[in-house]
Amino acid sequence: AYDLSASLSGMGYTVKHEFVDVFIDGDYCGMYMMTDKVDVGDGKIEFDKNINEDPAKTAYILEVGDTNPGEKGIDYMRIKADHDRTYKISFPETDDPAYDPDVHLTYIKNYIDECLEAINGEDWDRICELIDIDSFVDHYIIQELYMNKDGFWRSIYFYKEPNGKLYAGPVWDFDQGAGNVDGFFGSGKYDTTPDIDINYSMDGYGGKEAGVPWIAGVSFWYKGLFKHEEFTELVRVRLGEIGPILTEVLQKATTDGSVPDAYYTLYHEEMERNFKRWKIMGQKIWPNTPK
């Protein structure tokens, strides 16, 4: 998912990531993925870190659905139009003396509310003024293709450039994507077969008829955007454009050794060593499937 994000021009930033072997005091602890933190700085989201007294001239990073956000009204707000979901201020630093929640948090909350109001309205031009459409298109495609259980539930990021638009991303946290779970938020209704789609309702998650994109049901953002023919067309065209990129990224998942830069080709010894250390293949390890 990270490699796909890095290959798509609509995603302005993808976290640096690398497989690593972890040892603690000489004890082998397995193979892990190490990533950068989603943050502002050189090589990351490259905005000025200074907090401007004018909130519109300040950069923001928001994390949706953080489970330990801090203090309401300081570190996070709840967005009523998004099912009263928590939006945490990941940047700016809320303990910075220049940060004033009555100014900065209020500004970004009002901006999010304005975005959601726009996408649920009829003015497409206004939507394009508020959000970066290309990032939302590519972000949607990644979440949809990997059927990310956390998609727009938690571990989802937005960022807003100073005096600029709201961007979707960077993408984050796909450990429960690509069919790697056997339950859907406790409902037990999860299946990756083509004839089953999962959609969101006020009562939770359940099976839907075939052909319904599931993330558009989970996310109030995409439910609104897909009401607009312009967005639907942009997604359709984009999928046609990135076919070769998808093929290249998916080939990295081959395990027969035929693709030189496939993950298995590069790391099969480390992978085999990991599963000797952790004998979990075929075992039920929450929330992973036993098969």
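1. Let's start with what helix 7 touches. In this predicted model, the buried residues of helix 7 pack against helix 3 (124-130), helix 4 (133-145) and helix 6 (220-225). Those buried residues are Phe231, Val235 and Arg238. They cover an arc of only 70 degrees around the axis, so they sit on the same side of helix 7.

2. Now look at the opposite face. Turned away from the buried side of helix 7 are the exposed residues Glu229, Arg236 and Gly240.

3. You can check the length of this helix too. Helix 7 (residues 229-241) has 13 residues, which at 1.5 Å a residue should span 18 Å; the C-alpha atoms at its ends are 18 Å apart, so the two values agree.

4. Phe19 itself is partly exposed, at a relative accessible area of 28%.

5. Phe23 and Tyr28 make a tilted pair, 5.3 Å centre to centre with 55 degrees between the planes. Is Tyr28 buried or exposed? Tyr28 is buried, since its relative accessible area is 12% and the cut-off is under 20%.

6. Finally, find two charges over rings. The charged end of Lys160 sits over the ring of Tyr111, 4.8 Å from the ring's centre, while Arg277 lies over the face of Trp278, 4.1 Å from the ring centre.

Technical notes: Residues numbered from 1 in each chain as written. Predicted model: local features only at pLDDT ≥ 70, side-chain atom pairs only at ≥ 80, totals over all residues. Heavy atoms only, no water. Buried < 20%, exposed > 50% of the residue type's maximum accessible area, 1.4 Å probe, protein only. Phe/Tyr/Trp six-rings, centres within 6.5 Å; stacked < 30°, edge-to-face > 60°. Lys NZ or Arg CZ within 6 Å of the ring centre and 35° of its normal. Helix = DSSP H or I, 4+ residues; strand = E, 2+ residues; numbered from the N terminus. Expected span 1.5 Å × (residues − 1). Arc of directions from axis to C-beta. Contact = heavy atoms within 4.5 Å.
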